[in-house]
Amino acid sequence: MRSYQDLFRTPEFTPLFLSAAAQTVAQTVSGLALGTLVYRATDSPLLSAVSMFGPSIAQVLGATLFLSGADRLPPRRALAGIALAFAAGTAVLALPGLPVWAVFAVVLVQGLVASLGGGVRWGLLNEILSSGDGDGDGGRSGAGGGGGGDGYLLGRSVFNMMSGIMQITGYATGGVLVAVLSPRFSLLLAAVLFAVAAAVVRLGLSRRPPRSAGRPSVSATWRANAHLWSDRPRRLTYLGLWLPNGLVVGCESLYVSYAPSSAGTLFACAALGMLAGDLTVGRLLPPPVRRRAATPLLLLLAGPYLLFVLHPPVPVAACLVALASAGFGASLVQQERLMTLTPGELSGHALGLHSAGMLTLQGVSASLAGSVAQVTSPAVAMTVMALASTGVTLSLAAAARRTKATAPRPAPQVP
């Protein structure tokens, strides 16, 4: 797999890509609409942030209960069912007069459903690109890992770039719809897009068997989680995927309260920066440079938000947001490392655990950022979250260096 064109020539990549694009637009439109709706009703930065990122908090519960299904359920059926569940839940959120407690109940259910989605989708992507790498054996490359050579990195890069473009589209469109029409109309549109995503999955993907035998169960989920967490290099990789960017998403959760009339602009600029970062990491950086880029990119991710303590005007804030979001490209480097450390039969579970943990930390960070903003201001809260992200990144980098220093050296070979 050498180019983006090779990806789209791979069978089933395109329908998986299109369904994910429809869901990304639906999520951005519905998130902005719901956050605006709750903020208008409560005037609370905390509740607005939690309404937008609340489904992420429920991911931790789903990851401890249901994640074994990522490799033990038929992928097409699972992805279509998840999209339909989101369509139904988003339509419920559009009901007039829905009390705030009911809004958060629906958000919780959506988070539980979504906890399975990342593992199913990214495990299927890895499977599709492993069999389409053109190496003749359809096997997974890497030293015992579940990665598909350069295929998974390129594929995930394309998905991340698509996510950036669709977020730009979704937030720009959502901002117009919320301002000109209403948040509830935007939620109904998002529900339709989720249904479209389900149809694309059902019609465009072939029926595939589960990657692992056995029925999904809580005990199987716990066993696999314990195995994945038991290895120190893999554990540090997970923490690097979850904590620094989760804290920065706490900054993003305050866009609505920082600039209520320009939140869509800030979200769109963040997506533009993420697009640039993913393109650079996925296609432009040579492998030796890419492998060393995670820590610098994570520092870039947090750095510009330190300036928000000065309460910059929206044009300056938009430039800072775009610059910072290029640092999200670090996740590609970290996911590539995770796949080299993971057995192939657990690839979906491993990627699902990454996705669930990342989204959980994003939801927790959104709640934390909203709480700090409640007693200070959104600008101060963004700076606090950026400081925390920087500190975590430096601590994890130091821990990784100690791990390498204490790793046993291979015995010299006798000629």
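User: What volume does the second largest pocket have?

Analyst: In this predicted model, the second largest pocket has a volume of about 250 Å³, where a pocket is an open set of points on a 1 Å grid over the protein atoms alone where a 1.4 Å probe fits, with protein on both sides within 12 Å along at least five of seven lines. Local features need pLDDT of at least 70 and side-chain atom pairs count only at pLDDT 80 or more, while totals for chains, interfaces and linings use all residues. Residues are numbered from 1 along each chain as its sequence is written, and side-chain values use heavy atoms, with hydrogens and water left out.

User: Which residues lie nearest its centre?

Analyst: The second largest pocket is lined by 15 residues, with T36, V178, P260, S261 and A263 nearest its centre; lining residues have an atom within 4 Å of a point. Two or more lining residues come from each of α2 (13-42), α8 (150-180) and α13 (263-284), helices being DSSP runs (H or I) of at least four residues.

User: Switching topic, at what angle do α11 and α18 pack?

Analyst: Helix α11 (residues 232-252) and helix α18 (residues 347-375) pack at about 30°, with their axes 7 Å apart, which makes α11 roughly parallel to α18 (angles under 35 degrees count as such).

User: How does α15 cross α11, left-handed or right-handed?

Analyst: The crossing of α11 and α15 is left-handed, and the axes of α11 and helix α15 (residues 294-302) come within 9 Å at roughly 20°.

Definitions and conventions. Points joined across faces, edges and corners; volume = space filled by probe spheres on them. Axes fitted to C-alpha atoms, helices over the stretch in contact; angles between N-to-C directions. Parallel < 35°, antiparallel > 145°, perpendicular 65-115°, else oblique. Left-handed = near helix turned anticlockwise from the far one by under 90°.
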